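Let's take a walk through this one together. Have the viewer open and follow along.

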Amino acid sequence: MKVLVTGGCGFIGSHVVDAYVDAGYEVMVADKKKVHTFPYKNVGATYFQIDLTDSKKVSELINEIEPDVINHHAANISLSKSIEKPLYDAKNNTTAIINLLESARKFGVQKFIFASSAGALYSKDSKLPFTEKTPTNPISPYGVSKLASEHYIKVYASLYGLKYVILRYSNVYGPRQNSKLKPVVSVFIESLIQDKQPTIHNKGDQTRDFLYVEDIKSANVLALNYNENECFNIASETENSIWETYKIIERILKKNLEPKFREKMVKEQHRSYISNKKAKKKLGWKPRHTLRNGLIKTIEWYEKN
Ligand SMILES: NC(=O)c1ccc[n+]([C@@H]2O[C@H](COP(=O)([O-])OP(=O)(O)OC[C@H]3O[C@@H](n4cnc5c(N)ncnc54)[C@H](O)[C@@H]3O)[C@@H](O)[C@H]2O)c1
């Protein structure tokens, strides 16, 4: 089976590429990054540097490589950038997926796997934990573009018979995460390793459902062989406050630094707690790492790198 992984030079996509190569699939990667200098390049995969907002180039690529499956991870992932530059977000997240779906239709791609976001879609006042049936009501352009993408996929499934699996991730952390976008786990680890006082937004009582990236790999392998059109939350189904998470990292690193607290202007979800029951029951997936285990492995990686 030939699989094209978009965003395969990103944090999660690069792990998915490794998982697919290890599982014996023929893997191709499409990313706008300079692929030849990408440090985590997998020698078993073939890389193409391409901006997916360019419909002609996307069409040429899909025609040339004829994948059976497109696994779509490329996206603008910055919620704050989506608020500052909604058109940039729409181009990278919505135009890009339409380009891929159009090429999938034209060149006979059978299946589409999509990295969506559980944290950005669900209506915040709904009952916790959020299930796949929880009403959606995104509060950022990023959430809107992820939800629109899901709808485009479903429309292509009903119009043209494209098969799909949508994976709605919770908050993913682990080795290779891009710290430029200030994801909370890598910010805490980097600050503490460097003995710098970290900043916690608001009171630190906001909660997140953190998931270690290794657990995302197995979900993507299972999705490849899942034969119904479905949408699954891929989450730990645990709720940890930012403050608790900070204290776990501090204890693993044996540090003691009082963080600064700062009010954050961008509106964000206060609580995030996401059910994984459907993925466990139907996809046969379950997370294998507790937050502490995943953080220990992530910290080991940061210390080496
Ligand atoms: N990180 C998380 O916690 C999380 C949670 C939910 C969903 N997701 C989704 O998972 C996916 C991967 O996230 P990540 O954390 O690995 O992000 P990332 O920024 O590390 O990776 C995204 C990759 O996509 C590429 N890309 C972006 N726009 C492109 C374009 N127009 N053409 C070609 N390549 C393009 C980037 O170069 C980058 O390599 C995204 O779709 C994101 O929305 C991530």
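**Around the ligand**

An oxygen atom of the ligand sits 2.8 Å from a polar backbone atom of I12, where a polar contact is a pair of N or O atoms within 3.5 Å. Bear in mind that this is a predicted model, where local features need pLDDT of at least 70, side-chain atom pairs count only at pLDDT 80 or more, and totals for chains, interfaces and linings use all residues. Residues are numbered from 1 along each chain as its sequence is written, and side-chain values use heavy atoms, with hydrogens and water left out.

Back to the ligand: a polar backbone atom of H73 is 3.0 Å from a ligand oxygen, and a backbone N or O atom of G10 is 3.2 Å from one.

The axes of α4 (residues 86-106) and α5 (residues 141-160), lines fitted to C-alpha atoms over the stretch in contact, come within 9 Å and cross at roughly 15°. That makes α4 roughly parallel to α5, as angles under 35 degrees count as such. Helices here are DSSP runs (H or I, at least four residues), and strands are E runs of at least two.

The L128 to P129 peptide bond is cis, with omega near -5°, and P129 lies in the loop between β5 (111-117) and α5. K182, not a glycine, has a positive phi of about 55°; look for K182 in the loop between β7 (171-173) and α6 (184-193).

Technical notes. Axes are lines fitted to C-alpha atoms, for helices over the stretch in contact, and angles run from 0 to 180 degrees between N-to-C directions. Angles under 35 degrees count as roughly parallel, over 145 as roughly antiparallel, 65 to 115 as roughly perpendicular and the rest as oblique. A polar contact is a pair of N or O atoms within 3.5 Å; within protein, one must be able to donate a hydrogen and the other to accept it, and residues adjacent in sequence count only if both atoms are side-chain atoms.
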